[in-house]
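Here are a few exercises to work through with the model open in your viewer. Try each task before reading its solution.

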Amino acid sequence: MIGRLNHVAIAVPDLEAARALYRDTLGGRVSEIVDQPEHGVRTVFVELPNTKIELLGVLGERSPIAAFLERNPAGGIHHLCYEVDDILAARDRLRARGARVLGDGEPKIGAHGKPVLFLHPKDFCGTLVELEQA
Ligand code: CO
């Protein structure tokens, strides 16, 4: 069911600094910073030949990554995103197998303008998993 690794997301305390690190020290191709108010984050994408890195910074008071950054003040890997062909079929299959889909279970439009869902980390080896309909 899962296809390509779409991105690895890293939550960071200072998005400008992380963007400069990936651009200047690692020599990566980085995007501009984009605010995602409906998700409570600001993002930078680093384009790699085989996948992407999503750098996540806090946006607003109720950012979903605020608690993560409290536990990981230097930043850390926040989630992995796998592509699926049909997100509703993926959701139904996962639920039928006992996996917990976060939120109300309805796909939201993610950072790439495509439908996404998140799966409970306790059901997936301690890793928050995002599914994106490719
Ligand atoms: Co993501």
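This is a predicted model: local features need pLDDT of at least 70, side-chain atom pairs count only at pLDDT 80 or more; totals for chains, interfaces and linings use all residues.

**Exercise 1.** Work out how the residues of the lining of the largest pocket divide into nonpolar, polar and charged, and find which lie nearest its centre.

*Solution.* Start with the residue types: the lining holds 14 nonpolar, 11 polar and seven charged residues. Next, look towards the middle of this pocket, where Pro64, His78, Leu102, Phe118 and Leu128 lie nearest the centre, out of 32 lining residues. Then trace the elements: β4 (41-47), β5, α2, β6 (76-84), β8 (115-119) and β9 (128-133) each supply at least two lining residues. Finally, the pocket's volume comes to about 780 Å³.

**Exercise 2.** Is Ser63 buried or exposed, and what does its side chain reach?

*Solution.* First place the residue: Ser63 sits in the loop between β5 (52-58) and α2 (66-71). Its relative accessible area is 7%, so Ser63 is buried. Now follow the side chain of Ser63, which reaches the backbone oxygen of Gly40 at 2.6 Å. Leaving aside neighbours within four places in sequence, Ser63 is in contact with Gly40, Val41 and Val58.

**Exercise 3.** Find which residues of helix α1 (residues 15-25) are buried, and what covers them.

*Solution.* Begin with the list: Leu15, Ala18, Arg19 and Tyr22 are buried. Viewed down the axis of α1, these buried residues fall within an arc of 100°, so they line one face of the helix. Their cover includes β1 (5-11), β2 (29-30), β4 and β5. On the face turned away from the buried side, α1 carries the exposed residues Asp24 and Thr25.

Conventions. Residues are numbered from 1 along each chain as its sequence is written. Side-chain values use heavy atoms; hydrogens and water are left out. Helices (H or I, at least four residues) and strands (E, at least two) are DSSP runs, numbered from the N terminus. Buried means under 20% relative accessible area, exposed over 50%, partly exposed in between (1.4 Å probe, protein chains only). A polar contact is a pair of N or O atoms within 3.5 Å; within protein, one must be able to donate a hydrogen and the other to accept it, and residues adjacent in sequence count only if both atoms are side-chain atoms. Contact means heavy atoms within 4.5 Å. On a 1 Å grid over the protein atoms alone, a cavity is a set of points where a 1.4 Å probe fits but cannot get out, and a pocket is an open set with protein on both sides within 12 Å along at least five of seven lines; lining residues have an atom within 4 Å of a point. Grid points are joined across faces, edges and corners, and a volume is the space filled by probe spheres set on the points. Ala, Val, Leu, Ile, Met, Phe, Trp, Tyr, Cys and Pro count as nonpolar, Asp, Glu, Lys and Arg as charged, and the others, Gly among them, as polar. The arc is that of the directions from the helix axis to the C-beta atoms.
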